[in-house]
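Visitor: I would like to learn how to read a model such as this one, beginning with the ligand and ending with the backbone.

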Amino acid sequence: MTLTVATTPIPGQKPGTSGLRKKTRVFMAPHFLENFVQSIFDVVGARGEDGRGKTFVLGGDGRYFNDRAAQVILRMAAANGAARVIVGQGALLSTPAASHLIRLNRTDGGLIMSASHNPGGPDEDFGLKFNMPNGGPAPESVTEAIHRRSAELREYRIVEAPDVDLSRIGRQDLGGMVVDVVDPVADYAALMEDLFDFGAIRALFAGGFRMRMDSMCAVTGPYAREILENRLGAAPGTVVNATPLPDFGGMHPDPNPTWAHALMEEMFGPDAPDFGAASDGDGDRNMVVGRGVYVSPSDSLAVLAANAHLAPGYAAGLRGVARSMPTSMAADRVAQRLGIAAYETPTGWKFFGNLLDDGRATLCGEESFGTGSDHVREKDGLWAVLLWLNILAVRRESVAAILAAHFAEFGRNYYSRHDFEAIESARADAMFAALRAALPGLAGRRIEGLEIGAADDFAYEDPVDGSVSQHQGVRILFTDGARAVFRLSGTGTEGATLRLYVERFAPGPEGLDLDPQAALAPVIRAAHELARIEAFTGRTVPDVVT
Ligand code: VG1
Ligand code: CO
């Protein structure tokens, strides 16, 4: 039986960089999840214009409340007239696997339950995002419409029914709607086999190559086990923290040197394996580490772009490379050398979608440990790990040697991101207001031995659909090619998070192996002075440095 439940609009449901993220208890409060889900179905439609029910994909990263939310979303999909929902077994799907299922089955979109790299648990974070029929995150026009709808919603629809058994693969009925429970790994693993030379990677492992993959008790565990250990022959136990847990085992599933410190210690320790990797809560991020060498995400994107042709899926070359604005310009240098287009987009994977759909870009990346390609419409952590493995299997050099050769050929973009977390929002807003007001007068000013060439608030005009996104981050460009970028996070759930991104180019051949923080010190000092970070926020040192 379908119930129509009266509700009151709940304000503040503004989806951020990728979907709506809130404290789990907020999502669990009466009607909160339901309001948001109804707003999604009201905007995207659970039935097509011909009245026929639509098909959606549903899955999540296994965090606390994932299982309950899945049952609510299924019952609401049925009540709103959807014809079919494809769900990962156990309500699990990594974000890239969900993107792939949306595309493979030509569905009308999908709902992904995740707060990505944010910790999970009753006192931590939960999230939900809608992905479009192309497999990518909803564009701003859609998330804005969902936000507006949630502010006026008066009722939602839900069927009364017992829980669907999501542990059982196969077809079930829910109030006239088909629920297909599928293996979350199988189709994704097959796609990876299409793109990469599994034979060459198997031979690499068979020759004694050792790897450590830290899945951080999040969703990539089952995917990494199946692909790396079962299909590629990596030693059993290569994948650690491989069981997705509701609280991620208390870990913070953010694959960076701070949160994946156990992996870092192993990779810099006496018996380090050849290659290390970690992934985030929903499996779209990756960190890559060689024996005794850390690969920054911006450098990883550049190395992958320069070597992608070594993998079968990219043997024909790349159409173009896209990076988010705060990501270092290392990939641009590769694109220039290859004679292909380089795009600079705002932060967030949704901005890459049009470039990928339009065949303008093949590889995309963000400084925040996100890399991906046109195989899906999300960033893809395991994909990046496999592309690195494919390159290592062909080149038969160490990660350190590949990086050093890359810097020698292209020069090095020293790069770092400093995060200042849980700042009082009003203080952060005041700092940005002052910084933006100062922008017009900055060009020509000298600071910390650097001269400012230009300063602006990044705006992006999508080259495919012409849509414009304003206020995507303040950029200070110095005349020697160094940059400082300031943004506020759109994914945090407590106060404001200030992100300061700094970059400086060393052409080589000298000065290619400095400590990044030391190489960047003048840019960091200049950034602090220009934005008056301490005066506005009271902070002098960042909480997280990547
Ligand atoms: C952060 C990153 C951004 C990424 C976003 C989603 O956003 O900086 O690059 O796209 O997270 O990543 P923000 O607004 O907090 O800086 V996650 O892995 O959804 O998957
Ligand atoms: Co993620």
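The dialogue below takes the ligand site and then some backbone features.

Guide: This is a predicted model, in which local features need pLDDT of at least 70 and side-chain atom pairs count only at pLDDT 80 or more, while totals for chains, interfaces and linings use all residues. Residues are numbered from 1 along each chain as its sequence is written, chains are lettered from A and ligands numbered from 1 in the order in which they are written, and side-chain values use heavy atoms, with hydrogens and water left out.

Visitor: Which residues around ligand 1 come nearest?

Guide: A residue is near a molecule if one of its heavy atoms lies within 4 Å of it. Of the 20 residues around ligand 1, those that come nearest are R21, S116, S368, T491 and R499.

Visitor: Which polar side-chain atoms lie 2.5 Å or 2.7 Å from an oxygen atom of ligand 1?

Guide: A polar contact to a ligand is a pair of N or O atoms within 3.5 Å. A polar side-chain atom of S116 is 2.5 Å from a ligand 1 oxygen, and one of R487 is 2.7 Å from an oxygen of ligand 1.

Visitor: Where is F369, and is F369 buried or exposed?

Guide: Most residues other than glycine have a negative phi. F369, although not a glycine, has a positive phi of about 70°, and its place is the loop between β17 (363-366) and β18 (370-373), strands being DSSP runs of E with at least two residues. At 4% relative accessibility F369 counts as buried, which means under 20% relative accessible area.

How values were computed
Polar contact = N/O pair within 3.5 Å; in protein donor to acceptor, adjacent residues only side chain to side chain. Helix = DSSP H or I, 4+ residues; strand = E, 2+ residues; numbered from the N terminus. Buried < 20%, exposed > 50% of the residue type's maximum accessible area, 1.4 Å probe, protein only.
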